[in-house]
Amino acid sequence: MSIEQAISSRVNDGSLKLVIPMAPSDRLLRSLYLTRELYDEVYEEKESLIEQKMFSILIADLEVIVNSDTIDPQYFRCLEPRKAGIWEIRSTRQEPQIRIFGAFAAKNIFIATHYKLRDELGRKHSGQWELEIKHTQRTWSELFPAYTHKKTSDRNQLYTGALDEEYFR
Amino acid sequence: MKSTLDRNKIPAKDIFYFRQRLKNKIFQSALAYFADLAKERNLTKKEIAKSLSKDPAQITRWFAGPNNWTLDTISDLLLAMDAELKYEIVSLHENSQQTTQFPAISENSAKSGIALTKTNTIPTIGNFPNDNKGTKNAVAMKRSLYMQGSRQVSDAQVAKQAIYRKTG
């Protein structure tokens, strides 16, 4: 069984959900899957206007992976230690800022496991980041016990349209 | 998604979503354009700052995210890159890409025999045939034609140019 077929099984048993852009004119260039729990948290109806705003912005930010021709280098960040191959999607466009954690199953296929508010993570090298990496690894093992995720930090091997970091330093 | 013309009231969550979507699209396009110029003409953030009489840190802040962008920011940045937006407003439903361009079978799926359909239970998507190379080439060609003196460069011209290059 390939990793694609394993993903297919997880979709069919309801553990993963594919993100489909809300706007009908948007193309689907890459695949973003959310764990069921994450999907429900992001997409369930929100009562307060503040929450509606927060998660609507998050959805628009998540869809950048799915439909943007190019992706700026600050959008995705490989967490330290890089050899772990765990990435964060940085939704920096609002307060509170949000980080979505996950890993690449294959080129252009990202599996997002969970999210945290940036404020909950503490400083750059706080122990909380390590906990989030472990959380992602644990969730991955539960979803795909027989498969490892991509462990390179070379963006071009992980997704198309990666803008070169060098120009933005 | 239903047409907003058929609704009495657009939900707040849709309004927030589309505001952010617009910001993200302009932001990603502007940064992609900058990256192309940086590669082809060695343009730097510092040069942009200098041409706009701004602190380089300001350009770094602009490039960090679209949240603080205003229409003036976009205008300034594009002007510094000798560029402008294409002004064309289309219906959200006019180019329904999800049904017309969604790949029937991805490279990986083709190998494994998994067919894709446009539903929420799509099995998986691998390396799409429609990656951004074509788009970037088209952008580069369009800029090249523009620099050669064509004020109005249509997509048809870009396509023709691509065919000429292929066939020599």
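Is Arg10(A) buried, partly exposed or exposed? Arg10(A) is partly exposed, because its relative accessible area is 22% and the buried class ends under 20%. The model is predicted, and every value below is computed from it.

Arg10(A) has a charged partner. Its side chain meets that of Asp13(A) in a salt bridge, with 2.6 Å from N to O. Asp13(A) is partly exposed as well, at a relative accessible area of 42%. Over all chains, the structure holds 11 salt bridges.

Another of these bridges involves chain B. Arg21(B) forms a salt bridge with Asp26(A), and the closest N and O atoms are 2.8 Å apart. Arg21(B) belongs to helix H1 of chain B, residues 12-41. Asp26(A) sits in the loop between strand E1 (16-18) and strand E2 (31-35) of chain A, so the pair joins two chains. What is the relative accessibility of Asp26(A)? It is 3%, so Asp26(A) counts as buried. Arg21(B) is also buried, with a relative accessible area of 14%. The cut-off for both is under 20%.

Next comes a bridge inside one helix. Asp40(A) forms a salt bridge with Arg36(A), and here the closest N and O atoms are 3.4 Å apart. Both residues lie in helix H2 of chain A. They are four residues apart, which is about one turn of the helix. Asp40(A) is partly exposed, with a relative accessible area of 32%. Arg36(A) counts as partly exposed too, at 34% relative accessibility. Elsewhere in chain A, salt bridges that share partners link four residues into one network. Its members are Arg77(A), Glu88(A), Arg90(A) and Arg99(A).

Other charges of chain A make up a surface patch. Which residues form the negative surface patch? They are Glu37(A), Glu41(A), Glu44(A), Glu45(A), Glu47(A), Glu51(A) and Glu142(A). Take Glu45(A) as one of them. Glu45(A) is found in the loop between helix H2 (36-43) and helix H3 (49-67) of chain A. At 65% relative accessibility, Glu45(A) counts as exposed, because the exposed class begins over 50%.

Thr139(A) gives a contrasting case. Thr139(A) lies in helix H4 of chain A, residues 127-143. Its relative accessible area is 13%, so Thr139(A) is buried. What does Thr139(A) touch, residues up to four places away in sequence not counted? The contacts are Thr35(A) and Thr113(A).

The backbone of chain A has a feature to find at Pro81(A). Which residue does a cis peptide bond join to Pro81(A)? The partner is Glu80(A), and omega is about 0°. Pro81(A) has its place in the loop between strand E3 (76-78) and strand E4 (87-91) of chain A.

Now turn to chain B. Its secondary structure comes to eight helices and zero strands. From the N terminus on, the elements run α-α-α-α-α-α-α-α. Chain B has 168 residues, of which 34% count as buried. Consider its contacts between residues at least 6 apart in sequence: 42% of them join residues at least 24 apart. The accessible surface of chain B comes to about 10700 Å². Carbon and sulfur atoms account for 53% of that surface.

Two loops of chain B deserve a look at the backbone. Where does Asn42(B) lie? Asn42(B) is in the loop between H1 and helix H2 (45-51) of chain B. Its phi is near 55°, a positive value in a residue other than glycine. Asn42(B) is exposed, with a relative accessible area of 59%.

Ser53(B) comes in the loop between H2 and helix H3 (56-64) of chain B. Phi of Ser53(B) is near 55°, again a positive value in a residue other than glycine. Is Ser53(B) buried or exposed? Ser53(B) is exposed, because its relative accessible area is 69% and the cut-off is over 50%.

Conventions. Residues are numbered from 1 along each chain as its sequence is written. Chains are lettered from A and ligands numbered from 1 in the order in which they are written. This is a predicted model: local features need pLDDT of at least 70, side-chain atom pairs count only at pLDDT 80 or more; totals for chains, interfaces and linings use all residues. Side-chain values use heavy atoms; hydrogens and water are left out. Patches are made of residues with over 30% relative accessible area and no salt bridge: like charges are joined within 9 Å, nonpolar side chains (Val, Leu, Ile, Met, Phe, Trp, Tyr) within 5 Å. Accessible areas come from the Shrake-Rupley method with a 1.4 Å probe; for residues, only the protein chains shown count as cover. Lys and Arg count as positive and Asp and Glu as negative; His and the chain ends are not counted. The place of a charge is taken as NZ of Lys, CZ of Arg, CG of Asp or CD of Glu. Buried means under 20% relative accessible area, exposed over 50%, partly exposed in between (1.4 Å probe, protein chains only). Contact means heavy atoms within 4.5 Å.
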